[in-house]
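Hello,

Here is the structure we discussed handing over. Please load it and read the notes below alongside.

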Amino acid sequence: MKTEPAIAATEVPAPVLPPEKRTPRQLRWARRRRTAARFWQQFRQSKMGMIGLAILLFYVGVAIFSVFANKGALDPTITTNGPRLAGPSLHYPLGTQIDGISVLSLTIEGARISLFVGLAAAIISMLLGTIIGMWAGYKSSVHDAILMRITDVFLVLPWLALAIVLAAMFGQNFWIIIIIIGLTSWAGTARLVRAQVLSVKERTYIERSRALGASDAHVVIKHITPNLMPIIFANTILTIAIAILSESQLSFLGLGDPKSQSWGTLIEQAFNHGALTLHAWWWLMAPSLSIVLVVLGFTMVGFAMDEIVNPRIRER
Amino acid sequence: MGTAKYLLGKLGQLFITLLLVLSLAFLLFRVWQPGDPVATWAKASGAHFSATQLAQVRHEWGLDVPLPEQYVQYMGQMLTFNFGTSTILNPDASVSSLFWSRMAKSAILIVTSTFAAIAIGVLLGIYGGWKRQGKVDQASMGSSMVLYAMPEFVLGMILILLFAGTLHLFPVSLYESPIPKTGLAHWTDVINHMALPWVTLTLAYVGEFYLVMRSSLLDVLGEEYIALARAKGVREKYVLRKHAVPNALLPTITLVALSFGFILSGVITIEYVFSYPGVGKLSVEALTQRDFAVLQATFVISVIAVLLANFIADLTYAYLDPRVRRA
C-alpha cells in the first residue's frame, strides 16, 4: 500500500522518499479503479448477478451483431422468398413468419430496438428522477413540498393508461415511445434519490465543505452526486428492465413504431395474424423468450448490485 | 387528535393530487386533443347535420366557451362521471353506459383473481420467509422473478397455446359462447371462458404478494421482540402466528389496497389477449379507433381508482398501526 502524500507538511524537511509523481487526476483515477475492482470482487460472489450478466452480454452481442451483419434482412424484396409460416428447420432455425421472413433475423433486429428503447428510456427516467430528487432533497421545504406532490402524482398514475393516451395523441414514433416511457417511470427514482440526499447532506464532511466556503453547486456535484452514483446506477439497471417490459406492452397494443420493429411489435404482428389459432408457436417463441430473458437479466444484475451498494439491504 | 389531523392531511393530499391529474387530463383531452370531437362524432354517427345543428351540439358539449370556463365545467363533469357521448365507438351511447356495462365483467375477473393471488402469495410468502432458502422459498423466488420478467400477454399466450390450442380444455377467448346459453349452462360456460384470463391475472400478481410478504416477514423476524419471545420459550409455531405474522401483514395490506386500484389498468393487455369484453378491452378499442371520449373516461376512472385505493391504504395503515397516526 502506498502512503498518501501529506498535504500541509510545512516544517518537515524535504522527504527522502521519491517525490509523488502522480497528478491529482491520476490519483483520482487510481482511486476509482480501486473502487471498481472492489465492486467487481463483490459482484463476482453473486451467482444471480453473474448469470444475469451473462444473459445481458449475450443479447448486447446480438444487438451489436445486428448493426453490422443484418443489413437489409428486413427488406421485404430480398427476404420474402422463404416458405411461409414454416416451422423451425436447418435453414430457418426459428422458423418463418407469415411473409416468409426468418423469425431469427427479425428477433436479432428486435434485440437492437428493444435494448435501445429500454436504455434510452431508462436514461431519461434516471436524469429526471435524479435531478428532481436531488433538488427536492437538497432545497428548502417549499421546493421539496411542490416537487414531492408532483412526484406523487406520477407515482400513482396508472402508467399504462397514461401511456396509451399519450401515444394515441402524439403518434406512434420511436422517440415518442421512449419519451413516454421515460416520463412515466422517473417517480420511484426521484423518491429514492431524495431519501439518500436527505441522509447524505447531514454528514459532517458536507458541513465542513460548506464551512470552507463551498457553493451549493460544488457540494452537490463534488460531494453528494458521487455518493449517490452507485445507488442510482443500480436503480437505473432495474429501470431498464421495467422500460423494456413497458415498451413490449405498448408495442403489443399496437402503439409501436411500425418502422422499427421491437420484440413487442413482432409478438403483436404474430398475435394479430392469428399465430395462436395457426399454432405457429415458433413465431411467438423467440421474441417472447428474449423479452423474458433480457428483463430477467437486468433484474438479476440490478438486484445483485443493489445488494452491494444499498446499505439498507446489505444489513440483512 | 392526531388521527383527525392525519386523516385531514391525507384527504388534502388526495384532493390536490386529483386536481393535478384532472388538470393534466384537461390539458390532454381539451387543449391538445387532435381533431374536432364534434366533427368526428357527426361523421361516425352517419347522419347528416346542418351547421346550426353542429353548433348546437358544440354548445351542449360545452366546447364553445373560452378555455378557463371549460376548465371549471370539465372538473365538474369529471367528478360526477359525466363523460359525454362516445365519439366513434358508439355515437348513440353515452360513455358512462358503455363503461359500466363492461365494468361488471372486469370486476368479476379482477376481484376474484386478486383475492386468489393474495391468498396464495401471502401463504407462500409466510412459509417462504419462515423457511428461508428452503425448497419452497427457492422455487417461489425463482418463479416470482420469471413471472415478473414475463409480460402478461406472453403468459396469456402460453396458456392459450397450451390449454386451449393443444389440450382443448378451455375456449381461447371471449366472455361466453357466441350463442348464449341459459340457466346453469350459462354460468359454466362463462366460468369456462374466464378460466384462462383468470389464471393469467392471478399468476401475474401472485409474485408481488409473495415477495412483499416474504421480505416483510424477514424484517419482522429480525426484531428483538421475536428473539425475546423465542428466549421465553414460546413455541416456534406461536412465535410465527402470534408475534411475527400479524406485524408482517401490514405492508401486504397496503399492497392489497393499492393493487386493486392498479389492476384496472393492469387488465388492459390481459383482456386484449383473451378478447375478454371488459373495460381493459374497451380502452384498447377506444385506442385503436381513437375514440378520445371513451379513452378519457377509462383514463380518469382508472386514476380515480388508484387514488381512492391509495387513500384506503393510508386509512387501513393508520388504523392498524398507531405509530403512523402519531408521527
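What is the mean pLDDT of chain B, and what share of its residues reach 70 or more? The mean is 86, and 98% of the residues of chain B reach 70 or more. Here pLDDT is the predictor's confidence in each residue, from 0 to 100. For the complex, the predictor gives an ipTM of 0.87 and a pTM of 0.88.

Two notes on conventions. This is a predicted model: local features need pLDDT of at least 70, side-chain atom pairs count only at pLDDT 80 or more, and totals for chains, interfaces and linings use all residues. Residues are numbered from 1 along each chain as its sequence is written, and chains are lettered from A and ligands numbered from 1 in the order in which they are written.

Chain B

Chain B has 13 helices and 0 strands. Both are DSSP runs numbered from the N terminus: helices are H or I with at least four residues, strands E with at least two. The C-alpha atoms of chain B fill a box of roughly 85 × 60 × 35 Å along the principal axes. Of its 327 residues, 38% are buried (20 or more other C-beta atoms within 10 Å of the residue's own, with C-beta atoms placed from the backbone; 12 or fewer is exposed, in between partly exposed).

Helix α1(B) has 31 residues, which should span 45 Å at 1.5 Å a residue; its end C-alpha atoms are 43 Å apart, which agrees. The expected span is 1.5 Å times one less than the number of residues. Its buried residues are Thr17(B), Leu18(B), Val21(B), Leu28(B) and Phe29(B). Their cover includes α5 (141-156) and α6 (159-170) of chain A, together with α12 of chain B.

The interface

The contact takes 40 residues from chain B and 29 residues from chain A. Two residues are in contact if their C-beta atoms, placed from the backbone, lie within 7 Å. On the side of chain B that touches chain A, α12(B) gives the largest share, 8 residues. That side divides into 29 nonpolar, 10 polar and 1 charged. Nonpolar means Ala, Val, Leu, Ile, Met, Phe, Trp, Tyr, Cys and Pro; charged means Asp, Glu, Lys and Arg; the others, Gly among them, are polar.
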